[in-house]
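Reader: Hey, I've got a structure to look at and I'm new to this. Can you walk me through it?
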Amino acid sequence: MRSYLDELSKMLDSATLGMNDEALVRAPEGKWCAAEVLEHLRLTYTGTAKMLEKNRDKAVVEDAPIDERVHAARHLIFDEGKFFEGLQAPPFATPKTPPDAQVRTRVQEDLKRLAAAIDEAEQRLGKDANLGNHFALGPLNGEQWRHFHYAHGAHHAKQIEKLRAWTASA
């Protein structure tokens with residue numbers, strides 16, 4: 001894994017450090033538990049990896065249009081280093097199964113799959129090529145995909161840390 005994804009892997013391990021299986025599946029009423037947050041992240045990693053793998057046969061990935069909304073979202077993440085606050089996860093990245101503490105292992109495996117898919121796509125299409133279009137950020141090259149997943153994961157690692165503190169005090 002490259003630096004963004006290496007750091008993300010460590011960040012997720014750190015966020016869940018000391019949480020036993022019971023703590024991973026506990027949450028305040030109406031909120032996701034840490035296992036559900038990790039499952040959400042896992043779904044984004046597998047979704048991106050599948051998209052990159054599906055694009056393997058393409059010599060060029062056609063760019064999606066970039067409008068003002070996409071420019072603003074790209075600026076927030078890539079220039080300001082922030083992430084969207086208060087948005088609901090899209091349906092394709094919403095956990096659909098009961099929380100499972102084993103997701104802690106699976107999320108790391110899927111992060112490795114994502115890293116390998118980005119590396120392979122970059123080798124095939126080039127470092128600056130559009131590897132695939134994100135639904136809110138438009139066309140992204142490999143480093144932008146890594147940066148996006150890092151920013152997204154950092155946002156959720158903070159949520160997991162708050163859940164860890166909540167379960168420790170409950």
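This is a predicted model: local features need pLDDT of at least 70, side-chain atom pairs count only at pLDDT 80 or more; totals for chains, interfaces and linings use all residues.

Reader: OK, so which residues form one aromatic cluster here?
Author: Phe-83, Phe-84, Trp-145 and Phe-148 do. Within it, Trp-145 and Phe-148 make an edge-to-face pair, with 6.2 Å from centre to centre and 85° between the planes.

Reader: Where do Trp-145 and Phe-148 sit?
Author: Both are in helix H6, 3 residues apart, so about one helical turn separates them. Trp-145 counts as buried at 2% relative accessibility, and Phe-148 is buried too, at 6%.

Reader: How many aromatic pairs are there in the structure?
Author: There are 5. One of them is Phe-92 with Phe-135: their ring centres are 5.4 Å apart and the planes stand at 85°, so that pair is edge-to-face.

Reader: And are Phe-92 and Phe-135 buried or exposed?
Author: Phe-92 is exposed, with a relative accessible area of 54%, and Phe-135 is exposed at 55%.

Reader: Switching topic, at what angle do H1 and H6 pack?
Author: About 10°, with the axes 9 Å apart. Angles under 35 degrees count as roughly parallel, so H1 is roughly parallel to H6. Their contact has 10 nonpolar, 4 polar and 5 charged residues.

Reader: Which residues touch the most other members of the largest nonpolar core?
Author: Leu-12, Leu-38, Tyr-45, Ile-77 and Leu-137, out of 44 residues in that core. H1 and H6 are among the helices that each supply at least two residues.

Reader: What does Leu-38 contact?
Author: Leaving aside neighbours within four places in sequence, its contacts include Leu-12, Leu-24, Val-107 and Ile-160.

Technical notes:
Residues are numbered from 1 along each chain as its sequence is written. Side-chain values use heavy atoms; hydrogens and water are left out. Axes are lines fitted to C-alpha atoms, for helices over the stretch in contact, and angles run from 0 to 180 degrees between N-to-C directions. Helices (H or I, at least four residues) and strands (E, at least two) are DSSP runs, numbered from the N terminus. Angles under 35 degrees count as roughly parallel, over 145 as roughly antiparallel, 65 to 115 as roughly perpendicular and the rest as oblique. Ala, Val, Leu, Ile, Met, Phe, Trp, Tyr, Cys and Pro count as nonpolar, Asp, Glu, Lys and Arg as charged, and the others, Gly among them, as polar. A nonpolar core is a set of buried Ala, Val, Leu, Ile, Met, Phe, Trp, Tyr and Cys residues joined through side-chain atoms within 4.5 Å. Buried means under 20% relative accessible area, exposed over 50%, partly exposed in between (1.4 Å probe, protein chains only). Contact means heavy atoms within 4.5 Å. Rings of Phe, Tyr and Trp (its six-membered ring) pair if their centres lie within 6.5 Å; planes under 30 degrees apart count as stacked, over 60 as edge-to-face and the rest as tilted.
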